Amino acid sequence: ERCSFSASLRGPRWVDLRLRTMAVADDKRERKRVVVIGNGISAVSALTALKGRQKAEVVAIFAHEFLEWNLSATYFFANPSTYDQFVSRDKTLFEVPGVTYVYDVVEAVEPSTKTLKLRGAGPMAYDALIVASGYKLPLIQRGLGQTYAQRKAEVQEWGAAIAAAKTVVVSGPGAIGLEYAADIKLAHPKTRVVLLSRSGTLMNDAYPDRLKQKFAEVLKKQNIELLKGSGGTEPTKEPASLTLDDGTTLEYDVFIPAFGQGVQTAFLPSSLLDKKGAVVTNQFLQSTSAPEIFAVGVNSTGQGFSAPKLDQQAKDAGKNAVKVALEGPSAALAPHKENQPSKDWGNRPMTVKIGYGPGGYIFWDAEQFDPAFTTITCKGQGGFPLWPCVCCWCCAGSCSHACGTCGSECEGEPAARFYQNFFGTGGVGLFTKMFGLKGFGKAPAGGGPVKAEAPMERA
């Protein structure tokens, strides 16, 4: 058996599994080891925070040999030919220098012995562990151990099924469901698209009724049906039906769940987790049961999975993990300082996107932005003629309406076009760079597709 292993300073290579086990699990190693589990924003932010800390060895365990910007997943499933724009496959670009990368799946953690069980490489010892494994959401999240070729084939298969469908049902009336439904409808205008809601309304209680109604009107304009009912937790592209709350039968060709299904912590002992599966943590983002373990995103802080919150958690957890690795569990740690604690971005993000391009819509939620934004936009009521800003007055008569219509809330189709052109679909053009995620949309070194290996079998 073999497992994929690389060190940023040496480049990718293949190592015999027995050598890997000896090299990584030896308790007599010279440096203390901090291990990071994850494959997204929070994991990369933690690795970046650990960069240059020469006193500790930093090991990243990624379940995939490529990065994917899943904030764009609703779009590339509806438009599968665009998939490569949202993928980074060149390890020389996305690996953090000085970090050892192991591409494998973590199957179990044993806090008492401070070891991990890996699917392909066997045991690995750690002195401190950062868990940044993310949330569960079928299709949006890749399958563990999935290769680039397998993932691309999955996207193409689902994209073809969506294109051929007469009726697509998206279950979940939150931000993800709105994006899914609109992206599918705009890509396939003749397809009947139904958005299911258990309550019959949109969004959660963090949104006032006027905004829920506003978004419902956008769906109606896009000819997307909002129906009261619920479906299963797994996606299917096989024709089936379900019964709505009013007793009528809804037949469909494709069913897509678009709601979070908890966090990915099944590999951790249940004694570390709360009833929702999150790691129970203290003010240092440290497990209350296993002091060598820290959690980013998948913790009990209740901050959700917004990128700015995760980035700050990753930085704080990274610093504390190094201290525990070097000094032991009694080390003096710094409390986590939440990014913008007054903002509940996990339940009410800064933007609500209902499709991209012609016919799309975005709502810039002024209440969730930095005060500077709300000042410039007159508390979300546009700029000109209320704000004596030079750019607003110069654009009078030729405004792109990137912030919406002057004197009204920051919203609309022009604003959605601006977002896509400036930030990239799902923010891939700007936010990946902000969080140190490199190589998106670029061909791997040497050109051509990356040679994809079959997923590793269990030992």
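This is a predicted model: local features need pLDDT of at least 70, side-chain atom pairs count only at pLDDT 80 or more; totals for chains, interfaces and linings use all residues.

Colleague: Thanks! How far apart are the end C-alpha atoms of α8?

Modeller: They are 30 Å apart, which agrees with the 30 Å that the 21 residues of α8 (residues 307-327) should span at 1.5 Å a residue. The expected span is 1.5 Å times one less than the number of residues. Helices here are DSSP runs of H or I with at least four residues, strands are runs of E with at least two, and both are numbered from the N terminus.

Colleague: And how many residues of α8 are buried?

Modeller: 15 of the 21 are buried, so α8 is largely enclosed by the rest of the structure. Buried means under 20% relative accessible area (1.4 Å probe, protein chains only).

Colleague: How do α2 and α8 cross?

Modeller: The axes of α2 (residues 41-50) and α8 come within 8 Å and cross at roughly 40 degrees. Axes are lines fitted to C-alpha atoms, for helices over the stretch in contact, and angles run from 0 to 180 degrees between N-to-C directions.

Colleague: Which residues of α2 and α8 make the contact?

Modeller: From α2, I41, S42, S45, A46, A49 and L50; from α8, A307, L310, D311, A314, K315, G318 and V322. Contact means heavy atoms within 4.5 Å.

Colleague: Switching to strands: what is the order in the open sheet of 4 strands?

Modeller: The order is β14-β13-β12-β17, with parallel pairing. Two strands pair if DSSP finds at least two bridges between them. β14 (225-228) and β17 (254-257) are the edge strands, each pairing on one side only. From one strand to the next, the twist averages 25 degrees.

Colleague: Which helix packs on that sheet?

Modeller: Helix α5 (residues 148-164) does, touching β12 and β17, and its direction makes about 125 degrees with that of β17.

Colleague: Last one: in which sense do β9 and β10 pair?

Modeller: Antiparallel, over 4 bridges, between β9 (residues 115-118) and β10 (residues 122-125). A hairpin of 3 residues joins β9 to β10, and K117 has P123 in β10 as its bridge partner.

How values were computed. Residues are numbered from 1 along each chain as its sequence is written. Side-chain values use heavy atoms; hydrogens and water are left out. Buried means under 20% relative accessible area, exposed over 50%, partly exposed in between (1.4 Å probe, protein chains only).
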